[in-house]
Amino acid sequence: MHLSETWPPALQQALTNIRHLVVFTGAGVSAESGIPTFRDALTGLWSTFDAEALATPEAFLRDPELVWGWYEWRRSKVLQVQPNPAHQAIAELARQVPRLTLITQNVDDLHERAGSSSVLHLHGSLHHPRCFRCAHPLETLPDPLDLSLGERRLAPPRCGHCGGLIRPGVVWFGEMLPEQALTDAFAAARSCDLLLSVGTSGLVYPAAQIPDIAWQAGATVLHVNPQPLVVRAEREFCLTGLAGELLPHLLAALVRP
Ligand code: BV8
Ligand code: ZN
């Protein structure tokens with residue numbers, strides 16, 4: 001018996017004949033790879049800091065070594081781990097449905113390393129640092145840190161173009177999201193049949209609007225999260241559990257003849 005046969009009939013119905021599937025992911029999809037989610041990323045030294053206070057341009061200008069050290073620690077952590085079955089199931093889904101748009105709030109490259117392409121990164125990427133002043137990309141990234149030495153302050157490199165400070169390639173609080181990615185994400189949400197929201201607390205805007213945009217446009221919204229989420233009476237569901245365990249079952253349900 002497929003696990004999906006225990007799901008509500010209306011949900012099972014919504015999983016048939018998908019034309020356009022949007023998958024919208026947050027930090028929870030990388031949790032089983034060993035990447036702490038955004039708020040509990042502050043282990044060790046960082047536990048004395050508030051992520052939202054560190055993830056700002058002001059924090060970087062005030063203390064570039066503290067902020068650059070935090071991001072290099074996070075980037076090194078990502079390079080040490082592997083995509084998990086949730087990332088793999090999402091990559092396989094793109095091969096099984098007529099059209100899939102993958103939108104992520106994450107700054108890691110685990111979707112790409114699982115085989116997903118054309119990933120819409122709404123909050124940028126750890127893997128594309130650039131100059132704070134002239135936005136020139138850093139051509140050669142530093143070697144990953146030895147994580148056993150713990151987190152530490154680290155002087156950011158200087159831009160080869162203008163000598164400015166190199167900054168992480170992420171979108172900080174108070175910064176605009178990449179315009180094209182956001183436009184494409186909103187358009188996909190408006191045109192999909194099903195929006196699968198995986199591992200996000202839906203706290204950060206404007207990204208958090210995406211499931212609502214899909215629902216308002218008539219799509220079914222399906223959340224996957226170990227925390228039970230409050231859902232609307234119709235066309236919205238929550239599968240309570242871990243992404244790495246549930247996504248392979250969703251893949252089986254979506255591709256079942
Ligand atoms: C902007 C990159 C215009 C950096 C990130 C008041 C009200 C509304 C909005 C605002 C407000 N005040 C300010 C704002 C705007 C602000 C905002 O939304 N603030 C919030 C906190 C209220 N937004 C911005 O500033 C955005 N820009 O609005 O520009 C503007 C311009 C000028 C002035 C004003 C506005 C920019 C936002 C982008 C910030 N950058 N990331 C970095 O990574 O360091 S956001 C960061 O936090 C992540 O990218 C992620 O998107 C977000 C949430 O992090 P987490 O909570 O850890 O992760 P997630 O939400 O995914 O939660 C984890 C979930 O996974 C949980 O639900 C958990 O249950 C689940 N889970 C755990 N394990 C599993 C699992 N699920 C499945 N399987 C598992 N195994
Ligand atoms: Zn520069």
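This is a short walk through one predicted protein model, from its overall build to a few single residues.

First, the ground rules. Residues are numbered from 1 along each chain as its sequence is written, and chains are lettered from A and ligands numbered from 1 in the order in which they are written. Because the model is predicted, local features need pLDDT of at least 70 and side-chain atom pairs count only at pLDDT 80 or more, while totals for chains, interfaces and linings use all residues; side-chain values use heavy atoms, with hydrogens and water left out.

Let's start with the whole chain. There are ten helices and eight strands. Both are DSSP runs, numbered from the N terminus: helices are H or I with at least four residues, strands are E with at least two. The C-alpha atoms fill a box of roughly 60 × 35 × 30 Å along the principal axes.

How much of the chain is buried? Buried residues make up 51% of the 257. Buried means under 20% relative accessible area, exposed means over 50%, and partly exposed lies in between, with a 1.4 Å probe and protein chains only. The chain exposes about 12,000 Å², and carbon and sulfur atoms supply 54% of that. Those areas come from the Shrake-Rupley method with a 1.4 Å probe; for residues, only the protein chains shown count as cover.

Now contacts, meaning heavy atoms within 4.5 Å. Take the contacts with a separation of 6 or more. Residues 24 or more positions apart account for 69% of them.

Next, the sheet. What is the strand order? It is an open sheet of six strands, β3-β2-β1-β6-β7-β8, with parallel pairing. Two strands pair if DSSP finds at least two bridges between them. β3 and β8 stand at the edges with a single partner strand each, so one side of each has no neighbour in the sheet.

Let's cross it. β2 and β3 pair over two bridges, in the parallel sense. Here Thr-104 stands opposite His-121 in β3. Six bridges join β1 (residues 20–25) to β2 (residues 99–104). Thr-25 has Thr-104 as its bridge partner in β2. Thr-25 also stands opposite Val-198 in β6. Five bridges join β1 to β6, running parallel. Another five join β6 to β7 (residues 220–225), again parallel. Leu-194 faces Thr-220 in β7, and Leu-195 has Val-221 as its bridge partner there. Between β6 and β7 the chain passes through helix α9 (residues 210–216), and this β-α-β crossover is right-handed. To check the hand, point the strands away from you: the path from the first strand over the helix to the second runs clockwise.

Stay with β6, residues 194–198. Five of its five residues are buried. Leu-194, Leu-196 and Val-198 point one way, while Leu-195 and Ser-197 point the other way.

That leads to the core. A nonpolar core is a set of buried Ala, Val, Leu, Ile, Met, Phe, Trp, Tyr and Cys residues joined through side-chain atoms within 4.5 Å. The largest one has 28 residues, and Leu-196 and Leu-222 are among those with the most contacts inside it. β1, α6, β6, β7, β8 and α10 each supply at least two residues of this core. Which element gives the most? α10 does, with seven residues. What does Leu-196 touch? Leaving aside neighbours within four places in sequence, its contacts include Leu-21, Phe-24, Leu-93, Leu-222 and Leu-247.

Two more residues. Ser-116 is in the loop between α7 and β3. Is Ser-116 buried or exposed? Ser-116 counts as buried, because its relative accessibility is 12%. Beyond four places in sequence, Ser-116 touches Ile-90, Ala-91, Leu-102 and His-111.

Last, Cys-131. This residue is in strand β4, residues 124–131. Cys-131 is buried, with a relative accessible area of 1%. Setting aside residues up to four places away, Cys-131 touches His-136, Cys-159, Cys-162, Gly-164, Leu-165, Ile-166 and Arg-167. How far is Cys-131 from Asp-143? They are twelve residues apart in sequence and 18 Å apart in space, C-alpha to C-alpha.
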